[in-house]
Each structure stands twice: as C-alpha cells, then as structure tokens.
Amino acid sequence: MEKGSTGATEKTQSALPCKDKSDEDSCGPNSHNSREATCGATAGRARWTLLRQVLRQKQTDSPEVKQVSVRRFATFDLFRRKKLSAQEHCDTSDDQWVEYRSVYYPEYGAFLRDNMGPLKVNEVLNSFDNTGNVCVWPSEEVMAHYCLQKRHSFKGAVCELGGGMTCLGGLMVAISADVKEVLLSDGNEKSIQNVRRVVERNRQAGKFGSTHVSSRVVRWDCEVDISALEGHFDTVMCADCLFLDQYRACLVDAIRRLLRPNGMALVFAPGRGETLTLFCRLAQQAGLCVCQHQQYDAQVWDVHLKFRDDPVRQYGPSRNEKEWRNAWRRNSAGIT
C-alpha cells in the first residue's frame, strides 16, 4: 500500500500457499499489512486446536495441546536455522538462541531467541492475541525474504506491526537496509519482552550499523499507542495479521494513521476465507489505494503451486486418505 498526500495507499498481496489457518501452516503476502510446509501430525493439529480454543476463549485439557512446542512451524526454506552453543551466547536461561541466515542472501542473518518450553494454556487464554507466541509463521519468513530482496527500496522510518516473538521481517530491514530507524511492535507484552532481548543481542553483535532499532507494545485498537506514532513512518509492514475479525478495521486505521504522506504499507497474508477480501475492502473505504501481487518471487511461487496442487503435501502423510481429502475440500471451499 502506498499513501499519497490525498490519503491513497498502494498495497501488495501474497504468493504463498493459501490455506485455512485451522488446517495448515502456509501463508502468503500482501503489500501494506499483514505468518517444513507440512505439519501433518499431532503437533500441527494440536497447534491449530490450541489457536481455535484461544480465539473462542475456551479451555482445553488435551495433553497434546498443552505440550505443543512453541517452536514447531512451517518453513519455505528461505532461511537456515542454526542453534548457537552456550559459548556463542551469554544467556544463562533455558532459552535457546538460534541464528537465522538467508539462503539467497547469506550475507544477512539475525539472532533469535527460542523459547523451548511448552505453552502455558492459561497464560495464552488470558493474554492479548498470543498467536505470535506460538511460532514464527511462514508469512513472516516470506516477508523477511522479500525485505532482503527489496532492501534498497526502504528509506527513512520503518515499522512492523504484529511481529510476534521475533519480528523477523523488521529485523531484516534493520540489518540490510539503509534506513534511519526501525520500530518492531506487537500487541502482546510477552512478545515484546522477547523482541527486546532479540534487539539487544543483535545490537551487541553490530548487526544494525547506524540504524536506530527499538521495540514497543502497539495495539491497533489503542488510541494512545497509535496517536503517539501518527504520521511517522515511510513504511509500515505486517505479516498474517488479518484473521482476527474484531481488529481488522483497527489495523486498517492504524496503517493509515501511522504512514507519512506517500508512505507505503507492505502486507503479507494468505487468502484464508474472506479475510483478505474484507481487509482490502476496508482499506479502500479508508481511502487507501490497494494493489495485490502474487507472483512476486519465483521460489515462493513454486512452493505455493506445489502445496496448492498436492493435498498430501499440505496436510501431511500421517493423515489417512479420508482425512486429508476432507481437509482439502474444506480449504477449497473457503471453510475456516
């Protein structure tokens, strides 16, 4: 999305596998706002079961849900993930530090902090939008890859909204682009606590150069949060942030208000049900100019096609034939 002096905005869409989030871990991107390809087994189903329960505000006692790992997630193989030894970091906690390094731009990498413990269901149910705490979504990975590709197009001040536990996309901008400042944000305090540690670790490693990198809680529905940053950013970006119906209009308004005149919003999102259509409609009603793009990257598009055309790849070999065919039908019909 691009915001002109008249309030118009230009937006880009995604080219990732477009699947229902309740069934799989794939995603896609858009320009303006905006999460191993198959989860196919208990961990994947447990994660989605947990998210459904969170969104419906229901408790769940299933052992497989309570023990689902925070760090199991789908990937498009755009980054290599390497665990750091104890000698390579100074963190004395049980958390594991890892290095994410771009496959296609190997000169760029960032240190991320893994929380290896099981999810605490009560904590998830009582906090604001914990989806970013569950894993690094594939759309975040793809947005980070796209930011590296387009690193020379960024300028001035950049903000990532809804970046979860890592804000990987915003980190890649801070590391690779010649920008003055990058703000990494999420609406969940637990996520931002982790992001602060990630920022400090990468700052100590000299990853940011002269770019000022900060993090803070930004809720799209909070007037205090938005007004404090109004009209400040040349680029606002987000990945897979369109699925919560009650916050979609707030997200559009936040993007519109945070952008400077002629600013650009980069939104990555899957075509999950009607969420993308509804978001684009709201953005246009808000006076933003919306453009959607799918085939913006050959590698991502190739993976998208493989997932789209192969239900077994999407839903995993551990499902029996009837299960994955039913899941395929639900997804094709846009049923969430």
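Guide: Happy to! Let's begin with pairing: two strands pair if DSSP finds at least two bridges between them. Strands (E, at least two residues) and helices (H or I, at least four residues) are DSSP runs, numbered from the N terminus. This is a predicted model, where local features need pLDDT of at least 70 and side-chain atom pairs count only at pLDDT 80 or more, while totals for chains, interfaces and linings use all residues. Residues are numbered from 1 along each chain as its sequence is written, and side-chain values use heavy atoms, leaving out hydrogens and water.

Three strands form an open sheet in the order 2-3-4, with antiparallel pairing. Strand 2 (79-83) and strand 4 (109-114) are the edge strands, each pairing on one side only. From one strand to the next, the twist averages 30°. Strand 3 (residues 96-102) and strand 4 run antiparallel and are joined by six bridges. For R101, the bridge partner in strand 4 is G109.

Helix 6 packs on this sheet, touching strand 2, strand 3 and strand 4 (contact means heavy atoms within 4.5 Å). The direction of helix 6 makes about 145° with that of strand 4; axes are lines fitted to C-alpha atoms, for helices over the stretch in contact, and angles run from 0 to 180 degrees between N-to-C directions. Helix 7 (residues 189-204) packs on the sheet too, touching strand 3 and strand 4, at about 140° to the direction of strand 4.

Finally, look at helix 6 (residues 168-176) itself: nine of its nine residues are buried, so helix 6 is largely enclosed by the rest of the structure. Buried means under 20% relative accessible area, exposed over 50%, and partly exposed in between, with a 1.4 Å probe and protein chains only. Among the buried residues are L168, G170 and S176.
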